[in-house]
Each structure stands twice: as structure tokens, then as C-alpha cells.
Amino acid sequence: MKLLKVENVSMIFGGLTAVKEFNLELNQGEIVALIGPNGAGKTTAFNVITGVYTPTIGHVSYKEKNITGQRPDQITKQGIARTFQNIRLFKDLSVLDNVLIANHLHLKSNFLEATFKLPRYRREEKQILEKSLNLLEKVGLKDAQGEKASSLPYGKQRRLEIARALATNPTILLLDEPAAGMNPKETDDLTEFIRQIRDDFKLSIFMIEHHMQVVMGISDRIIVFDYGVTIAEGNPYEIQNNQKVIEAYLGVAEDYA
Amino acid sequence: MMNFNAVFMYLTGMDLGTFLQHLTNGISLGSLYALVAIGYTMVYGTLRLINFAHGDVFMMTTYFAFYGVSTFMMPWYVSFILAIILTGALGMLLEKWAYRPLRDAPKISIMISAIGASFLLENLAVVLFGGRPKAFPSVKILTDSIQLGSVSIQKLTFVIPIVTVIFLVGLLYLINHTKTGMAMRAVAKDYETAGIMGVNVNLTISQTFAIGSMLAAVGAIMWGLKFPQIAPLMGVMPGLKAFIAAVIGGIGNIKGAVIGGFILGIGEIMIVGFLPSLSGYRDAFAFIFLIVILLFKPTGITGEKIAEKV
Amino acid sequence: MKQKKTLLTLIAILILFVFVFIADQTLDSYKMRILNLCAIYVILGLSMNLINGFTGLFSLGHAGFMAVGAYTTAILTMPDIVKTQNFFMTPMMKPLDTLHVPFFLALLAGGILAGVVGYLIGAPALRLRGDYLAIATLGFAEIIRVVFTNTQSITNGALGLKGIPVSTNIWWTFGLALVTVLIIGSLINSSYGRAFKAIREDEIAAESMGINLFKHKVIAFTIGAFFAGIGGGLLGSLLGTIDPLMFRFFLTFNVLLIIILGGMGSITGTIISAIIITIGGEALRFLDESMTIGSLVIPGISGMRMVVFSALLMIVVIFFNHGIMGTKEFTWDGLFAKFAKKPLAKGGNKQ
């Protein structure tokens, strides 16, 4: 079954076409990367999938259900979680709180049950806490649980953002430049980490990334964007040997790799 | 003419003369809102700040003018001009003390500072000028009435829109055709970038406040002539309504603020004129109007949509 | 450890009530009134902090919710004869003229009605952001005030209501302030409270974590309005007189001052600051009254107190924008750590 299907999506702002006729099919367990020069409309494509924007033309469906035009929270609730290009943690809250918050969407108790700590809420809260601590342990942040999110080093903030996304119980994870600003060692760790969470959480991953090392290392398929237009699609080997890609993009890839 | 009047009366329940009187009143009230609204819109355009104290700056003008005439025995025109200049200075001080230190602080802080400044000015006025209302100096050649057929209309009703138009033309010239105006437009677009490009941001913002305050001062003096009772809280309602006018017109847009001022002024007078039983709700109309606009066209009638960057 | 802390909390509450009992026995009516006001402002401050401090919505509609609460409580508790005396211009609408309920139910009704009004206002207004929300809520509060000025047969219009039974006493005010602290505290520390804080921190991130922004904003806003209504009801019944002018923007400003000084997003800060502002406001009353030093009479300047208050607000915002507590809270752990003179163990699960 196609988990996620983006059909013929275009996003036009004023007169500017940020994304043009974008198509994507994501299968269970796949890692697909979206690459392209800065300003190529990659994040816009993300925002269309996650409901931040409603596409001007085309639709997005998830598990064969049309989700075009739904709000971001509705889309997350169905199983598509994301991270942001410029990390958007809840900076003043603790590491643990950041993860706990991401569990809120599945809470069944209403606010009165929560305020008066009725049994169902107490049970749920206990489960949420256990689950969150487990998750923090898995991503290696358990020791930092009491710290303010903003006090973590950069690499750990990225990890926390991924952990937070995982806490929403997604089946699809969208990562917006997860390796941005990382050194080679951190990049290696991240590549391994992404692969590991894909297996542990049975995820399909769609990511935007500039680091060719990461992209080529873990992607099953790669889509190349240039000015909002898909100029190539294929496995890493095909992309590396695609003349159009080399012209439009890989010619400057040394800057990124 | 008689016939037309009869038809008009049949249709509207109001005699044509009365209608015209309401209309002229609405236009002059609208002009006053417009003059005050420009200050809100210019400041919002530059700092993205609702200058809550703007209505109180407006109030201070009337006291400056009052003391000029009554205590310092100045001729009215000297006192009025001085009052306008002093108000400009007050606007600049307000920006320097209450807003500049918070320019990079969270937006909520600067708004709270604005609310604080507003209350400070109101209470200072109570302390300095007394809480009891005072009579604004009357200027015979402006406040006299003239007879037009069966109705007598105060000259002021015509003076106000004319003065407004003159200042408006001046302002638009300043903004579109002078170096200062260009700096203002640049700062309004993006003050950080403007600063990098060599615009003196502090000076330009200061000038924006001075101009906005002086226009409000012109409005305040005409307001004082039209409603000659001045009090420390007199600026609150006109201030809020002018702000609403600015929102209606699309905040940040000067022409919009003027259009909004007229819509609000004429609308307010007409609703009270046509439905006298609702006159008690007069002050609520503006707010209802505001809320309707915010809900259906939050960027005002001239505004365009601003997307937030994710 | 957990039981020990619960025990400490219970002891603290007991001490509070011993204090209330002693105050009730010994203090004069002026001092009692100030204490009552302190507790009422704690309720009002917390209700506004829930909306503005914890959820990060800039709402300026508090005076409107308080008016709804105050009028409802007053109308439901005033005896028939007082109602007839008040409504000499236009008779009071039936069945309100003969309707009354016990004080607590009247307060509750005031709170619920304020909550309903909050919900009705919030449903459209909370779609707006930042300063647009501020101005819209301010507008709604003004509309409520204008409506109350004009609904002669329900609110007695501009004349206001006089002779409201003074049912508020220190047990009510302190008791309800305590209940408010416990309820809002419990809400804030629940999953919903975390969602509110997430919205305050970053709306876009919160939404992408599956939090329905609108629903949670409406919940916070409605609960805040409910407690503002309770506070308003207590206030009206403490003062014995209310009129629409009392509920001008100025009242909202007072509450805003409390949460800014105390720290937006701190319950402890709000409590401390409500007490400071209320007592300080009384202490500064000398500024408005004439003073006699020996044979020298210094005339008081009316309004001076408010000049000091407004200047204080600006100074706090400009120089100490986190207020007294920022977003920190008093906790027993924090207190133990202070006594133990060592930093709070990081990452320690509260057990």
C-alpha cells in the first residue's frame, strides 16, 4: 500500500510558483530524500504535506485517504510527524516536557479529568511518563530530562526534536535538514540514528537534506528539486549519474558535502 | 427640490436637510479620526506596535493649547502651533523612553509598556491639570455658524475636512517625495535591513512618532474646538476609535487609515441619526465594526495577506 | 517523600486558615477589607495569568468577564426590596426581580456565565493573533460595558446597583483563592497545562505536535473567564456597589500589572504580586491624601498614586521583564534544596 501519495501538487504564492507539479509515493519502510539548491521549494513541499499550506492545485493522501487542506494537528494525529529546518523546540520547557507534550494529542481524558486528576487521567499520565522516559533513553537524552531544551548542545537539540516527533506515534517522519550544522562525526551518528529509528519504530522517512554523505548513505530513493520543479528521481546511483542533476546541482555539491 | 425631499423622507424617514447635516457632521468627525488614525498606522507600520498612548498624546495637546491661551495669554494661533510642536516632542520622548529600550524585546512587552505609558499620561494629566473638565478656548471665527437655507452649520464643520486634506496632501508628499519619507518607507519595510543600508533608524522612527503625534495634535485642536470640554480621559475613546479606523483601512497603510476614519465617522453619526433608539450603544458600534472586520478581513479593506515563515 | 510533601502542603494550608481565623477575630474592618482584596486579586491575577502568562494569549478582556460575574452575583443575591429601590427608573425585568439564590450558587452562576461569555467571545476572537487579539478582546469588554449601561431593566444601566448584600468575607475570599490556586495549579501541571505552555512557546511547533491550537486556546480562555467572573462576583459583594464605570479598561490594567510584576507564567509570582500590589496600593494612598507634618499641611494630589502605579508597570516591563518569579514556582523541593545549600538534583524524578 502506498502510505503517502502526493499527486500533482503545485503551490503558488502571489505570482510565484514555489512548487510545481510535485509527485511523491512513499512506501512502508522507505527512506526518500528530497534534495536541491537553497530556495528550491523543498520546505514548501513539506509544509504542503504537513498541512501548514493548502496546495493551490493537487492533493495529498495518506493511507489512501485524502488529507489535503487538513490542519497540521489533524495530520499529525493521523501519523505524519515532522521536524523543522530551524529547530523549533519549546525552548523554555524541560527536555522531558518537550516529549510529554507530543503525547498530548492521544490523550483521551478531558481537561476536567486532568484538572481533578481522575483515575483515567492518572493512568494515562503514568503511561505517557513511562513512554516518554523510554523514548528519551532510546535517543540517549534520559540524563538530560530535567534540563531546559535550549540549554542542550546543538546536536542533542536535533535529537530531541526527532524524539519529540516520534512521541506522536507517527508512521511517517518528515525530517527537514536533520544534519544541518553538524560535524562529520555527528553526521555519521545521525545517519546511523535515522536508520535505527526507522527499524525500531517501523517508520517511513521523507527528508530534506544537503549533506550528500547522509543522503547517498541511507536513501532508497532521491528526488531532486530545482526552482520547485522535480528534475530527477531515482536511487542514489541513478541520481549521481544523472546529467541534469549534475548540471543543476551536484556541480556545487562540494560546498555541501 | 421639494419633491425630492419628500421622496427622500419617505425612503429614509429623514428630511434631506437633516441628512446633509448628519453627513457633514460625519465627514468632520471622520476627518478627526483620520488624522489620529494616521499616527497609529505609521507607528504600526514601522514598529508593529499598537501605540496605546497615542490617544493620550492627543489629549495632552488640548491641555497645551488650553494653557497657552489661558495662562500664558498667547493669541490662539500661536498657542495652537506651539501645542502642535510640543506634542511632536512628546511623541518623540514617548518613543525614546517607553519603546526604544524594548525594540528587540518580545512584542507583548512593548505593548504592555505602551499601556503603561497611556495610563501614565492620563494620570499625570489628572495630577498636573486636575481631574475636572476644562473649557477649551473658543475661537470665534472658526466656531461661528453660517446659515445655509433652513439649517445653520458651524463653520468648523467645513474647516475640519479642509485642514485634514491639506495636512494629508503634505504628508503624502513628505512620504513619497522626500528623503525623510524614503527613509521612513525603508524603515517600515524592514528596519534592520534599513539600518544596514545606512538609514539612521533611531532618527527615522523618532520622526515617525513626531509626525504621527503632530497630526494627532492637529486633530486634537479641532476636536477641542468642536467639543470644547477637555479632560484627562478624553483621549481614550477617540484614540480607540481612530485605531479601529486604522485597522478597518488596513493597518500600516496611510490612505487606508484615512478611508477607515471616514467610514467610521460617517457610519457612527448615520447609525445614531437613523436609529436614535440605539444611541446609547454608540460607543459599541465601532468595536462591533472592528470585530467584524477582524474576523472577515483581518488585514483591513486595503491590506494584503501576510504569510508567516515556517 | 511524596507523602511528606503532601503533609507539608496540608500544614501550610492549616497555618493559612489559622491566620485567617486570627485575622477575623482581631483586625479592624479596614484591614479586613484589604485582606479580602488581596485574595480577590489573587483569583483575578491567576485567571488572567492562565490566559496571558501560561497560554501566551494577549487578552485584555478581563474587566468584561468580571462585570458579568459581578452583575450576576449581585442580581442573584439582592433582596426584592433592594431591587425595587434600585430600579426606580425602569422596573426590573421579570423573573429577575424576585429571583435569588444562596451566595455560593450566585457566585458559581456568575463564574459560569462569565465562562459562557468567554467562550462566545473566544470562539471568534481566538482565531486572531497577538495584538489583534488584544484589541478585539478589549473591544468585547467595552461592548459588554456599553450593553450593561443600556440594559436598564436588567442592570439598572448607568445608575449601577447599590445595596448588594455584603456576603463576601475573609473565609469566602481566602477559601476561594485557595481553591483557585489548587485548581489552576493542577490544570497547569497536567497534560493540558503542558499543551498551553507549548502554545505559548511556539504555536507552529505545538500545532505540528498534534495540539489543536484553537481548542486549547478556547479552553484556557473559558476557564480564565470563569475565574474572572468568580473574582468579579466576590468583588461586587465586597464593595456592595457596582456600576458599569467600575469595569473600564483600568480594571484590566490593574490585573495586568499584577501578572507582569509577579511574572507571566508563575502562580507563586501572581500570589506574591497580588498581595504586594493590593497592600502597596493602600499604602500609597497617602499620596492622594493631604498630610500633616507638625504644623505643615501638604495637600494630597489626587491621582498621584496611579502615576506611581503606571510608572511602576513601565519600569518592570523595561528593566525587569521577567517580574518577580519569571516562570518559576515555589516548590517544596526548591525549599529543601535551599536549606541543604546545594543545587537541586537534576533529572531527579519527583517521587
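Over which residues of chain C does pLDDT stay under 50? Residues 343–351 of chain C are the stretch in question, where pLDDT is the predictor's confidence in each residue, from 0 to 100. The model has twelve contacts beyond four places in sequence for this stretch; two residues are in contact if their C-beta atoms, placed from the backbone, lie within 7 Å.

This is a predicted model, in which local features need pLDDT of at least 70 and side-chain atom pairs count only at pLDDT 80 or more, while totals for chains, interfaces and linings use all residues. Residues are numbered from 1 along each chain as its sequence is written, and chains are lettered from A and ligands numbered from 1 in the order in which they are written.

**View 1. Confidence in the model.** The model scores ipTM 0.92 and pTM 0.91. Chain A has an average pLDDT of 91, with 96% of the residues at 70 or above. In chain C the mean is 90, and 95% of the residues reach 70 or more. Within chain A, helix 10 (residues 243–248) has the lowest confidence, at a mean of 80. Helix 3 of chain A has the highest, at 97. Helices (H or I, at least four residues) and strands (E, at least two) are DSSP runs, numbered from the N terminus.

**View 2. Chain C as a whole.** Chain C holds 15 helices and four strands. Its C-alpha atoms fill a box of roughly 65 × 60 × 40 Å along the principal axes. Of the 351 residues in chain C, 50% are buried. A residue is buried if 20 or more other C-beta atoms lie within 10 Å of its own, exposed if 12 or fewer, and partly exposed in between, with C-beta atoms placed from the backbone. Among contacts in chain C between residues at least 6 apart in sequence, 81% join residues at least 24 apart.

**View 3. Where chain C meets chain B.** Here 33 residues of chain C are in contact with 34 residues of chain B. Helix 6 (130–150), helix 12 (249–262) and helix 14 (304–319) of chain C each give two or more residues to the side that touches chain B. Helix 6 of chain C has the largest share, 13 residues. By class, this side of chain C has 23 nonpolar, eight polar and two charged residues. Ala, Val, Leu, Ile, Met, Phe, Trp, Tyr, Cys and Pro count as nonpolar, Asp, Glu, Lys and Arg as charged, and the others, Gly among them, as polar.

**View 4. Where chain A meets chain C.** In this view 31 residues of chain A are in contact with 24 residues of chain C. Helix 2 (72–78), helix 3 (95–101), helix 4 (111–115) and helix 5 (119–138) of chain A each supply at least two residues of the side that touches chain C. Helix 2 of chain A gives the most, with four residues. This side of chain A has twelve nonpolar, seven polar and twelve charged residues.

View 5. Strand 1 (residues 2–13) and strand 2 (residues 16–27) of chain A pair in the antiparallel sense over eight bridges. Two strands pair if DSSP finds at least two bridges between them. Val6(A) stands opposite Leu24(A) in strand 2 of chain A. Two residues lie between the strands, and Gly14(A) takes a positive phi near 55 degrees.

View 6. Lys94(C) and Pro95(C) are joined by a cis peptide bond, with omega about 0 degrees. Pro95(C) lies in the loop between helix 4 (80–86) and helix 5 (103–125) of chain C. Asn156(C), a residue other than glycine, has a positive phi near 65 degrees. Its loop runs between helix 7 (152–155) and strand 1 (161–162) of chain C. Asn156(C) counts as buried, because 26 C-beta neighbours lie inside 10 Å. Tyr227(A), also not a glycine, has a positive phi of about 50 degrees. Tyr227(A) sits in the loop between strand 9 (221–226) and strand 10 (229–234) of chain A. With 15 other C-beta atoms within 10 Å, Tyr227(A) is partly exposed.
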